[in-house]
Each structure stands twice: as structure tokens, then as C-alpha cells.
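Good morning, colleagues. Please look at the display first.

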Amino acid sequence: MQSPLHLFVDEHPARWLQRLRACGIAFTLLVSGSVALAAPPANDTLRIGSKRFTESYILAQVLAQTAAAHTPTPPSVLQGLGNTAIVYEALRSGSIDLYPEYVGTISLEILKSPAPMTLDAMNAALAPLGLGVAVPLGFNDGYALAMREDNAQRLGIQSLSDLAKHAELKLGLSNEFIGRADGWRGLAQRYGATQVPTALDHGLAYDAIAQKQVDVIDIYTTDAKIKHLGLRVLADDKAYFPRYDAVLLYRLDVPQRFPQAWAALQKLQGSIGENAMIAMNARAELQSVAFDVIARDHLAGKAGGTAAATDPAQRGFWAKLFGPDLTRLTRQHLALTLISVGLAALIGIPLAVLVFPHPRLRAVVLGATGLLQTVPSLALLAMLISLLGVIGTVPALIALMLYSLLPIMRNTVAGLGEVSQGLRVAGQALGMTAGQRMRHIELPLALPTIVAGVRTATSIAIGTATIAAFIGAGGYGERIVTGLALNDGQLLLAGALPATLLALLSEALFEAVEYGMRRRRA
């Protein structure tokens, strides 16, 4: 058997150069694909955003289909862009042109006004930002708290003042409602409520209250499941909640860039009543009708839709799993994973090699990399959107790359630390410089541990890449985000299952690579 020193000094450098060239070519192709994937639509494309709940998905489709006949290219719809902070930042940075919003959110959450504002006052405040409010759609979708009817009757709770007297009740409130200026903190102060709420995704809250896991949830007053589950909406007897009339929040250059489309959108003013919006939400959440179908039926005046559109067989699990979007989502998820891990390896391995001989610097760099893991994904995405002024693939890739650095760098340092001092001395005796010893002895011997770090980073990236859907970068997270909004377990599984399969395939691939490496070293 050849010694490890002979093997890596005499044979491996040429192989390594060939492999590095091949990897460089492959990575260049991946980056080129990512640039194409990240490229924003042309300036003649109207970009419409939506938040991550059923009603916003539907309204975005209504806006897109209304404008479609009056734009040079079909409108681009970026669905489910997270919470208010993310979708508003996308609008402010110019990544989208408009999205459906609510006057209460604009005045209290975006403009930080201590009291509700008129449309004129909002427009005056938004104008310096290049934004405006227009086209009241015709319905109010306010916040409220609700509880099971039987529980409310048993405890005699009719209003929020009554609720404040029952500190024993468990509240499950959405993260956004807990953190908003017009959300739980202000409400608790107004009513003297002492409960400490548990954070729940809005899409899961109805299941939680139906299964008696929580007693009270926050709702939108046009939610379809209020009536479906027989919930009691608690009266806001101290008038805490403002009105949340639906409007368009838009960039001021939209009427000039798309005059015909803007004229068509203005005709939507007052066209959607509360009952109509509740019915549209119900078709999505209770009958699994696609958002674009619901919008098309509404614009065509077919409130109940067609039998074909609501046929459950057409929206069963297998149809959702193998839907027409599977190829696109797989391509996007693969690109996000491979490019982000590739970038992390290109940055993390050389950086780990650079700091390895310096214990203090190494501790600082690894500590800083570890701190990145503690930043919540949505907070990191919001910061990146603000810094870069763009949503989509680029901030998603940067976030995934940052999350992939730690396992790659730690394993690189660990692998280098496992190289015996005797081999280093032997290399020095052969007249090698420190750089030559690193290239020809230490890195090759550390390679299995480094590859294990890349393997871990890849598995993490495949799972974490689902966050890309929150900023319009696609991937399997699109299905998961939509499934959460609709509380559709089948759609959630149709997004999670391909991601799991992709992770298993990556594990099999790395296992084969590591097996080949063990065979060569034997």
C-alpha cells in the first residue's frame, strides 16, 4: 500500500486541477442560470405582488387578469411575498409595481400614524416615497378575535372586554398580529388583557381552535372559515380596530407606464363587496379551487363558479404532487441549492484555510459565522431586500449561502486539525513551503471531512430553500406557503415530499462520492 504522503504529493495535484476546472465550468453554468432566473421582468411588464394569505392571492389574480388585456406583456404575479414588511419593501424598492393592501395597515403599520388616516392624508405622506393609494375595492376586511361558540356561551363572552376578564384562556395569534402596532400589544393595553399569546401561523390557527388546542385566535373578518366552524366574533366594544378597507398601494409611475391598464384597474373601484370576498375565500379554502379560476369567475360574473372548477378529483393529492408546476419548481429549488452551496464552498473553504493557523482569528471568524445561523430567515431576507433593493433569487441565494457557511467552514477547520503533525514535518523535510504542504498534504487529507461539511450544508440548504418562496424566488416553498395560507395539508405535503426526495438523492450522491474517496485511499 502506498503511503498517504506519496499518494498526494505525486499523483493528486494534477487530478485536483482537472477537477477544479470541471467544477469551475459547472459552477459558471449554474451562476449563468441563476442570473437568468434572477433577472427581473422587462420594464414593460406590470409586476403585481401579494401577501401570504388567501384573500391577497385572489386579489392579485383579479388585478392581473383585469390588466392583462391592456399591457404589452402579461403581468407578472409574485405570490405570497411574506408579511407586510417584505411586500412593502418589495414595492418601495421597485421590485413590484403594486399590490392589494388595507387602509388600516397603511396608516398604522406603514406610516406609523397614531390614528387612522384619510386617503388624501395617506397619499400626501406616501408621495415623497414615490407611492400612492387608490382604487378602494369595496370591502372592509378588519382584524377581530374569535372563539368557539360553545366556549363563548359557557363563559358568557360577547366582547373583547369580556375576554380580558378570563386570563386562563389560551390565545393563538399570528406572528404579524402579535408584532403589529395595531395588533395585540395595543389591544391588550386598551382592554387591560393579561393573557400571553402563543404565536401561530394564520393558516394553521383555524385547525388549532377547531381541535381545542387554543381558545381564541385572530381572524380577518372576510375569512370563510368563521361561519364554517361556527366561531363567535367578539365585539370590539372599545372601538380599537380601525377599518381595513381594501385598496391598491402602487408606485406613482404606474399610471404613466401603463395608462390603459391603470384605467382598467380603476374600474374595479367598489366592485367587490364583503359577501363576494367571503364567497371567493370560501371557494379557495373549502373547495380547493385555484386562485386564478376564482378571479376569472368573479370577473366574468360567475359567483358560484363551474362544476369542473370545483371537482375535488381534479385537485386531489396526486394532481397537486405532479402538477404542471413540478418541473419549474424542481429546477428553481435545484438552482437555489446548488448555487448557494457552491458559493459557500468557494468562500468558506479558502477562508477557513486562511484563518486555520491563527487560533484567535479562527475563533472570531467561526463565531461570526455561527451568529448568522441565529438570525431568523425572514428577518435576514427583509434586511437583504432593503440593502439590495430587489426581491427574488439574488437575496434568497445570499441568505442560503450565509446559512451554508458554518458547516463547511467548521468541517474544513476540523479536517485540517486532524492532519498529523508527523505528515507536516515530513512535508517540510521534503523542502515543501507552507503553501505546498497545505495544497498537497493537508487539504487532500482533510478532504473527506470537508466533503462531509458540504454534504451537511447541502441538506440544510435543500430544507431552508423553501424560504425563497416568501420573496418570489420559487422552489418547492411555493406549494408549502400556499398550503399554509389555505390550510391545505395535501398541498403542504406536495411541496414537502419533493424536497425530502431531493435531500435523499443528495445524501445518496454524497455517499457514493465518499465511498469512492475511501476506495482510492485504501
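This is a predicted model: local features need pLDDT of at least 70, side-chain atom pairs count only at pLDDT 80 or more; totals for chains, interfaces and linings use all residues.

A residue is called buried when its relative accessible area is under 20%, exposed when that area is over 50%, and partly exposed in between, with a 1.4 Å probe and protein chains only. Residues are numbered from 1 along each chain as its sequence is written, and side-chain values use heavy atoms, with hydrogens and water left out.

I turn to the salt bridges, each a side-chain nitrogen of Lys or Arg within 4 Å of a carboxyl oxygen of Asp or Glu. Helices (H or I, at least four residues) and strands (E, at least two) are DSSP runs, numbered from the N terminus.

The count of salt bridges comes to 21. In one of them, Arg-455 pairs with Glu-511, with the closest N and O atoms 3.2 Å apart. Arg-455 belongs to helix 23 (residues 434-464) and Glu-511 to helix 25 (residues 489-521), so this pair ties together parts that are 56 residues apart in sequence. Which side of the cut-off does Arg-455 fall on, buried or exposed? Arg-455 counts as buried because its relative accessibility is 15%, whereas Glu-511, at 35%, is partly exposed. Elsewhere, shared partners link Arg-47, Asp-97, Asp-253 and Arg-257 into one network of salt bridges.

Asp-97 sits in the loop between helix 4 (84-92) and strand 3 (98-102), and Arg-47 in strand 1 (residues 47-49), so the pair ties together parts that are 50 residues apart in sequence. Both Asp-97 and Arg-47 are buried.

Five strands form an open sheet in the order 7-6-8-5-9, with mixed pairing; two strands pair if DSSP finds at least two bridges between them. Strand 7 (198-199) and strand 9 (231-233) are the edge strands, each pairing on one side only. Strand 6 (residues 171-173) and strand 8 (residues 216-220) run parallel and are joined by two bridges. Gly-172 has Ile-217 in strand 8 as its bridge partner.

Finally, the surface: Leu-388 is found in helix 20 (residues 377-388), and Leu-388 counts as partly exposed because its relative accessibility is 40%.
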